[in-house]
Amino acid sequence: MVCVPQLEVESRNKKRVFSGVQPSGSLHIGNYLGAIGRFALFQEGYDCFYSVVDLHAITVPQDPAELRRRTVATAALFIAAGLDPEKACIFVQSDNPNHAELAWVLQCIATFGELGRMTQFKDKARGKKSVTAGLFTYPVLMAADILLYDTDVVPVGEDQKQHVELTRDLAERFNKRFGVTFKVPEPLIPAQGGRIMSLTDPLRKMSKSDEDPDSRIEVLDSPEEIARKFKKAVTDSGREIVYDPEKKPAVSNLMTIYSLFSGKSLEEVRDAYEGKGYGVFKSGLAELVAEKLRPVRERYSELMSSGEIEKILKDGAERAYGISSSKMKEVKEKVGLCSRLSL
Ligand code: TYM
């Protein structure tokens, strides 16, 4: 007999937020500015669920011990970046079996054609000899994550927009076929910072899976590493610090990073570095980013050595399971699946 914790009713007058991050590599400042650094912004006014999506990570080969380590490390980074486990539910996706179960049901209404149009799938599958079925159906698992919690808002970077749109389509399709069951969620993509670009190729997004580690600043990089990577970052022709993503994509990306970490507008950044050249700008940027990430790095180390994450994740899993189980039960009844065990 599995114990289902009491559904908490008090927070349901708040809108609900859900987002997830894969434990598939070290998190970089794109993940930070596009997602995890913003997670805490919602924890006062919204009922928040943030998940380390390890089932998504295994769509590509993973070393089991390393996956387990990164899963806990990713949760620690959520908290180090400002999330309060008393206010937001933080949990690991695979701890809640409802995610995989709903994903299967949704796979049976998703079409091969629409999944084949997902640009992330096309990017990840390009040039690969063998691609798993899990990589293909990955966006449906993401839809399940979101729909299980009656989510209103999904804060993500720009690369996840198409997946949230698919989620909306699947929710509407299911509701039409089986009666209203799912809330149709909205993506929330920051106007600035939704797509931080690579330091070595400003026409590609900064990515955990880029083979060149110098293409990204990792949240846990030391100040020396940060300085080295920014120093090495490609720049455009000329020496002026101006924001022009078409003509000066590299400098514009660095200016966006500066603006987001400093809270200064792009015009203020331009004025502060007018006539100073790329070298001075890059060392100012490195100092700023290292300083802003310092408390995150410090809190992360404390959390990892204290062992408190395990308890936070256990409590989070119980709450996530309790809340999503009523949705899963409703889905099964509507689809005509019987439940003979009293779980
Ligand atoms: P993932 O793990 O690749 O990335 C985590 C978050 O970081 C954002 N992001 C970026 N933002 C700005 N610039 C970049 N260069 C950059 N790179 C990544 C991503 O948009 C994301 O918000 N499928 C998702 C995880 C997921 C999820 C969900 C998200 C699974 N289920 C449900 C929201 C809701 C992913 O792979 O993110």
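Helices α6 and α7 each supply at least two residues to the lining of the largest cavity. The model is a predicted one. Which residues line this cavity? They are Q120, F121, K124, L135, Y138, P139 and H163. By class, 4 of the lining residues are nonpolar, 2 are polar and 1 is charged. The space inside comes to about 50 Å³.

How many cavities of 30 Å³ or more does the structure hold? It holds 2.

The largest pocket has a volume of about 1500 Å³. It is lined by 50 residues, and those closest to its centre are Q120, K124, D159, K205 and S207. Several elements give two or more residues to this lining: β1 (16-21), α1 (29-39), α6 (119-125), α7 (133-147), β4 (153-155) and α8 (161-178). Which element gives the largest share? It is α7, with 5 residues. The pocket lining divides into 16 nonpolar, 20 polar and 14 charged residues.

Helix packing comes next. Two packed helices are described by the angle between their axes and the distance between the axes. Start with α3, residues 64-80, and α12, residues 277-306. They pack at about 130°, and their axes lie 9 Å apart. Because of that angle, α3 is oblique to α12. The crossing of α3 past α12 is right-handed. On the α3 side, the contact is made by V72, A73, A76, L77, I79 and A80. On the α12 side, it is made by V296, R299, Y300, L303 and M304. Of these contact residues, 10 are nonpolar, none is polar and 1 is charged.

Helix α12 also packs against α9, residues 223-232. Here the angle is about 145° and the axes are 9 Å apart. This crossing of α9 and α12 is right-handed. From α9 come P223, I226, A227, F230, K231 and K232. From α12 come K282, L285, A286, V289, A290, L293 and R297. This contact has 9 nonpolar and 4 charged residues, and no polar ones.

Return to α3 for one more partner. It packs against α13, residues 309-335, with the axes 10 Å apart. Is α3 oblique or roughly perpendicular to α13? The angle is about 90°. That makes α3 roughly perpendicular to α13. The contact joins V72, A75, A76 and I79 of α3 to I309, E310, I312 and L313 of α13. Of its residues, 7 are nonpolar, none is polar and 1 is charged. V72, A76 and I79 of α3 take part in this contact with α13, and they also belong to the contact with α12.

How values were computed
Residues numbered from 1 in each chain as written. Predicted model: local features only at pLDDT ≥ 70, side-chain atom pairs only at ≥ 80, totals over all residues. Heavy atoms only, no water. 1 Å grid on protein atoms, 1.4 Å probe; cavity = no way out; pocket = protein on both sides within 12 Å on 5 of 7 lines; lining within 4 Å. Points joined across faces, edges and corners; volume = space filled by probe spheres on them. Helix = DSSP H or I, 4+ residues; strand = E, 2+ residues; numbered from the N terminus. Nonpolar A, V, L, I, M, F, W, Y, C, P; charged D, E, K, R; others polar. Axes fitted to C-alpha atoms, helices over the stretch in contact; angles between N-to-C directions. Parallel < 35°, antiparallel > 145°, perpendicular 65-115°, else oblique. Left-handed = near helix turned anticlockwise from the far one by under 90°. Contact = heavy atoms within 4.5 Å.
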